[in-house]
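Dear colleague,

I am passing on the structure we spoke about, with sequence and coordinates together. Below it you will find my notes on what turned up in it.

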Amino acid sequence: IDKYLCTVIVGVVQLLSTAVSLSLVDRAGRRPLLMISGLVMAISMGSLAIYLDFQSSIPVSLRWFPLVCIIGSFIGYSVGYATIPFCIMGEILPARTRGISGALSSTINLTCLFLVLKFYTSLADIIGYYGVYWLFAAVNMCGVIFVFCFLPETKGNL
C-alpha cells in the first residue's frame, strides 16, 4: 500500500473519529470513553507489536495489518484521549487555579510527546520496534487502570 495513501486514510479516520467523540462525550460519559480509548489503543499497539515480532514469518498477503493497527490506535485516541482530558480539566480543576494548571498540564503533555518522538528510534534500537509498541500498549493499560481507579465521572456535574 502506498505510504501517502496510508497517511491520507489515517488522517481522514482521525478527523471522523474526533467528530464522533465530540458527540459521544456527553452521552457516554468521560470515564467509559477514556477506558475504551485506552483499551483500543493498547490492543492496537499490542497487535502491532505481535506483527512486528513475527514479521518475517507473516505472509505478504497480510502486509495491510499494520495499517489496520494504526487506524485502530488513532480511532481509540480520537474517541477519548485526544479530546476528553481537556474537557475534564475544566470540570475538575478549581476555578482559581484552572489557568495555570491547564497550562502546566498541556506543557507536560507536549513535553512527553516531544520525548516520545525524539527517542523513538533510539528506543527501537535498544528494545526493537516490537518492544516499543509493547511499551506503548503497557502505558495505555496503565492509563486504563488509572482512569478506573482514580478519575471521577464528571458527566453532568457542571
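Before the helix pairs, a word on terms: an axis here is a line fitted to C-alpha atoms, for helices over the stretch in contact, and angles run from 0 to 180 degrees between N-to-C directions. Helices (H or I, at least four residues) and strands (E, at least two) are DSSP runs, numbered from the N terminus.

Please keep in mind that this is a predicted model, in which local features need pLDDT of at least 70 and side-chain atom pairs count only at pLDDT 80 or more, while totals for chains, interfaces and linings use all residues. Residues are numbered from 1 along each chain as its sequence is written, and side-chain values use heavy atoms, with hydrogens and water left out.

The protein has five helices and zero strands, so that its pattern along the sequence reads α-α-α-α-α. Its C-alpha atoms fill a box of roughly 55 × 30 × 30 Å, taken along the principal axes.

Helix 1 and helix 3 pack with their axes 8 Å apart, at an angle of about 25°. That makes helix 1 roughly parallel to helix 3, given that angles under 35 degrees count as roughly parallel, over 145 as roughly antiparallel, 65 to 115 as roughly perpendicular and the rest as oblique. The residues in contact (heavy atoms within 4.5 Å) include Cys6, Ile9 and Val10 of helix 1 and Leu67, Ile70 and Ile71 of helix 3. By class, this contact has eleven nonpolar, six polar and no charged residues, where Ala, Val, Leu, Ile, Met, Phe, Trp, Tyr, Cys and Pro count as nonpolar, Asp, Glu, Lys and Arg as charged, and the others, Gly among them, as polar.

The axes of helix 1 and helix 2 come within 7 Å and cross at roughly 125°, which makes helix 1 oblique to helix 2. Here Leu24, Val25, Asp26 and Ala28 in helix 1 meet Arg30, Pro32 and Leu33 in helix 2, and the residues of this contact divide into five nonpolar, no polar and two charged.

Helix 2 (residues 30–53) also packs on helix 5 (residues 98–150), at an angle of about 165° and with the axes 8 Å apart. That makes helix 2 roughly antiparallel to helix 5, and their contact has 21 nonpolar, three polar and two charged residues. Arg31, which lies in helix 2, is in contact with Val147, Phe148, Cys149, Leu151, Pro152 and Glu153, leaving aside its neighbours within four places in sequence.

The largest pocket has a volume of about 1600 Å³. On a 1 Å grid over the protein atoms alone, a pocket is an open set of points where a 1.4 Å probe fits, with protein on both sides within 12 Å along at least five of seven lines, and lining residues have an atom within 4 Å of a point; the points are joined across faces, edges and corners, and a volume is the space filled by probe spheres set on them. Of the 37 residues that line this pocket, the closest to its centre are Met41, Tyr77, Tyr81, Asn109 and Asn140. Helix 5 gives the most to the lining, with 19 residues, and the lining as a whole has 29 nonpolar, eight polar and no charged residues.

With best wishes
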